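Please read them with the structure open.

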Amino acid sequence: MHAVSTLALLHAQSFDWRVWKLYPSFMVGWLLFAALYFLCIGPLRRRFEGAVPATPRQVASFSFALAMMLLSLQGPLHEISDYYLFSAHMVQHLVLILAMPPFLLAGIPDWMLRPALKVKPIRVFARAITLPLIAFSLNNVIFLAWHFPGPYDLMMRQHNVHIAMHLMIMVTGTIMWWPVMSPLKELPRIAAPLQMVYLFLVGIPMMISAALITFSGTALYQWYVQAPRIFGISALDDQRLGGVIMWVPGGLVLWIAITAVYFRWTQREVAEDEQGVRIRPPVSRAGMIVPPPYPNP
């Protein structure tokens, strides 16, 4: 009973969408990360071998990833997910794992990462963890482990553990996207058909976890059982909504990615076919190659 009372005391007692709280533990790291990127593409770029200016698309993509981090981990979504609703926490996690990493990788020029690969231990380690099977396993094992009731409630009670969990899912989420979005030829993307299969398989463990959470007959997470109820939603209904969010929008993001990979692949195939037609010499009806016409004297 004492443990339950302690959990209740850790919760905020009121929620207001208009209130934006900024936490130094996040803001310092976020600002340093953003500053490092913009210094590298700006004043420090000339120190990188083979560096070329970052494209507007790359800068916009990286900036969008930064914005998703900020909006997920600060402000109203942070407050409602930390103190009130499991379903809001699932929105936060899906943004950090499925939505943010591809934009992050699309925004990083290859020359910015290449110097790290000159260090042999880093190169060997990077090649190992970006293999599709390892990247798939890391992401899913970390994500699923933190969603067992025991680790989840520990994370919610201990702020430093919660920070570590968010760092872990962002890093492993980025590694998970590497076989599809790699900016480095030294750590290449897998072939487009395999990318589609890979993205389909990535969603299966999450779907199984979401089904177990959605169809559970009891509330699994004491942190949210003791949370003040808002929006008239019970702890069990909130949990089921969180499972559905993990299941449906999470799966939809992966299907959108599969579709994007398919169209990117087919467009490249069409472009290569058209290029082949342009360079192929014309053939006569008899099957003889027609020589190019001589220029008029």
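1. A residue is called buried under 20% relative accessible area, exposed over 50%, and partly exposed in between (1.4 Å probe, protein chains only). Asp-237 has 40% relative accessibility and therefore counts as partly exposed. Arg-240, with a relative accessible area of 31%, is partly exposed as well.

2. Some ground rules apply to everything here. This is a predicted model, in which local features need pLDDT of at least 70 and side-chain atom pairs count only at pLDDT 80 or more, while totals for chains, interfaces and linings use all residues. Residues are numbered from 1 along each chain as its sequence is written, and side-chain values use heavy atoms, with hydrogens and water left out.

3. The protein chain has 13 helices and zero strands. Helices (H or I, at least four residues) and strands (E, at least two) are DSSP runs, numbered from the N terminus. Of the 297 residues in the protein chain, 42% are buried. Contact means heavy atoms within 4.5 Å; among contacts between residues at least 6 apart in sequence, 77% join residues at least 24 apart.

4. How many salt bridges does the structure hold? There are five, a salt bridge being a side-chain nitrogen of Lys or Arg within 4 Å of a carboxyl oxygen of Asp or Glu. One of them joins Lys-118 to Glu-49, with the closest N and O atoms 3.2 Å apart. This pair links distant parts of the chain, 69 residues apart: Lys-118 is in the loop between α6 (110-117) and α7 (120-129), and Glu-49 is in the loop between α2 (24-41) and α3 (56-73). Both Lys-118 and Glu-49 are exposed.

5. Asp-237 and Arg-240 also form a salt bridge, their closest N and O atoms being 4.0 Å apart. Both lie in helix α13 (residues 235-279), three residues apart, or about one turn of the helix. Elsewhere, salt bridges that share partners join Asp-110, Arg-114 and Glu-186 into one network. Within it, the closest N and O atoms of Asp-110 and Arg-114 are 3.4 Å apart, and these two residues lie four residues apart in helix α6. Asp-110 counts as partly exposed because its relative accessibility is 30%; Arg-114, at 23%, is also partly exposed.

6. A nonpolar core is a set of buried Ala, Val, Leu, Ile, Met, Phe, Trp, Tyr and Cys residues joined through side-chain atoms within 4.5 Å. The largest has 67 residues, of which Leu-98, Tyr-152, Trp-177, Tyr-198 and Leu-199 touch the most other members. Helix α5 (residues 86-106) gives the most to this core, with 10 residues. Apart from it lies another core, of six residues, including Tyr-84 and Ile-230.

7. Tyr-198 deserves a look of its own. Not counting residues up to four places away in sequence, Tyr-198 touches Pro-132, Ala-135, Phe-136, Met-176, Pro-179, Val-180 and Ile-190.
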